[in-house]
Amino acid sequence: APEGDRGPRHSQKCLQDSSGSMQAPAAGAMSHERAGCPSLRSLTEDCMRLNPSFAGIALRSLLAVDLWASKRLGVCAAEGSAWGGARPLMKVVEVSGHGLPWLLGTAYGLCQSDSAATREVLLNLLFALLLDLVLVAVVKGLVKRRRPTHNKMDMFVTISVDKYSFPSGHATRAALVCRFVLHHLVLAVPLRVLVVLWALIVGISRVMLGRHNVTDVLFGLFLGYALYSVVEYCWLSPLSAPALFALWSS
Ligand SMILES: CC(C)=CCC/C(C)=C/CC/C(C)=C/COP(=O)(O)O
């Protein structure tokens, strides 16, 4: 078994065998390790495994509930699933929150726009979408949480980090775009409600399709919501980024 997997009784025996009594292993650590005994680090790991902190227990319990709930809610994960008939519709929702249509649509609008105010808003939307892609890729690459086992990897255009699931990129984008649109477009109340519903449905559909666990989506929605505040803070304008705006005015 790997060093870290040896039980605490084995570690204790090694310490006692060498000195005859229990002692801190620092001085004899090298000879213990050479004799095949675990190091101080593996003893500490053993201790942590035997005495997990309250936070550790809470996190493990949350993850267990998350996996259980996500599996039960993945009702469109395959054609043969409980709501398999709704899978094509869920995939349409998936495309509506995908990065590619949003990036291409925003870039196209930017090129077509002849009003300075519209250009400013679209340029900031493009900046927000790119920032979101980078942030999600970094977090996915750091956390490396695998997608649920019941997920079928048949997604529309993905990049390498999309084999990981935490956080949901669709959820971050949906929350970000939702906040952006509500702040910068003058919309009638029913349309504002529709925008919020769309963001929530995109989030829920990630779990129903089996793409994500519930916590991936909840954290994604939170991250996208918070990211909008960063975009507002760094708002690009002809005053703050004249060179960027000069590209479109010439
Ligand atoms: C310019 C550039 C690098 C565009 C890439 C657009 C693209 C392929 C985005 C990936 C969107 C995607 C599949 C995100 C994964 O979403 P999850 O909700 O499954 O995490």
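Lysine 144 lies in the loop between helix 7 and helix 8 in this predicted model. Its phi is near 55°, a positive value in a residue other than glycine. Proline 167 is found in the loop between helix 7 and helix 8 (169-184) as well. A cis peptide bond joins phenylalanine 166 and proline 167, with omega at about 0°.

Confidence was considered next. The mean pLDDT of the protein chain is 86. Of its residues, 82% reach 70 or more. The model scores ipTM 0.95 and pTM 0.81. Residues 1-31 stand apart from these figures, with pLDDT under 50 throughout. For residues 1-31 the model has 31 contacts beyond four places in sequence. Where pLDDT is low, the predicted coordinates should not be read in detail.

The UniProt record, an unreviewed entry, lists residues 121-143, 180-205 and 225-248 under "transmembrane region". Over residues 121-143 the chain is 100% helix and 0% strand. The end C-alpha atoms of this stretch are 32 Å apart. Residues 180-205 are 85% helix and 0% strand. Here the end C-alpha atoms are 21 Å apart. The unreviewed UniProt entry also places the feature "domain: Phosphatidic acid phosphatase type 2/haloperoxidase" at residues 121-232. Across residues 121-232 the chain is 70% helix and 0% strand. The end C-alpha atoms of residues 121-232 are 11 Å apart.

Helix 7 contributes Asn124, Phe127, Ala128, Leu131, Asp132 and Leu135 to the contact. Helix 10 contributes Gly224, Leu227 and Val231. By class, the residues of the contact of helix 7 with helix 10 are six nonpolar, two polar and one charged.

Helix 10 also packs against helix 9 (residues 189-208). The two axes come within 9 Å and cross at roughly 160°. Angles over 145 degrees count as roughly antiparallel, which makes helix 9 roughly antiparallel to helix 10. Helix 9 passes helix 10 in a right-handed crossing. Gly203, Arg206 and Val207 in helix 9 meet Val214, Val217 and Leu221 in helix 10. The contact of helix 9 with helix 10 has four nonpolar residues, one polar and one charged.

Helix 9 has a further contact, with helix 5 (residues 87-96). The axes of helix 5 and helix 9 come within 9 Å and cross at roughly 125°. Helix 5 and helix 9 are therefore oblique to each other. The crossing of helix 5 and helix 9 is left-handed. On helix 5, the contact is made by Met90, Val93, Glu94 and Ser96. On helix 9, Ile201, Val202, Ser205 and Met208 take part. Five nonpolar, two polar and one charged residues make up the contact of helix 5 with helix 9.

Definitions and conventions: Residues numbered from 1 in each chain as written. Predicted model: local features only at pLDDT ≥ 70, side-chain atom pairs only at ≥ 80, totals over all residues. UniProt positions renumbered as here; feature names shortened; annotations may be inferred. Helix = DSSP H or I, 4+ residues; strand = E, 2+ residues; numbered from the N terminus. Contact = placed C-beta atoms within 7 Å. Nonpolar A, V, L, I, M, F, W, Y, C, P; charged D, E, K, R; others polar. pLDDT = per-residue confidence, 0-100. Axes fitted to C-alpha atoms, helices over the stretch in contact; angles between N-to-C directions. Parallel < 35°, antiparallel > 145°, perpendicular 65-115°, else oblique. Left-handed = near helix turned anticlockwise from the far one by under 90°.
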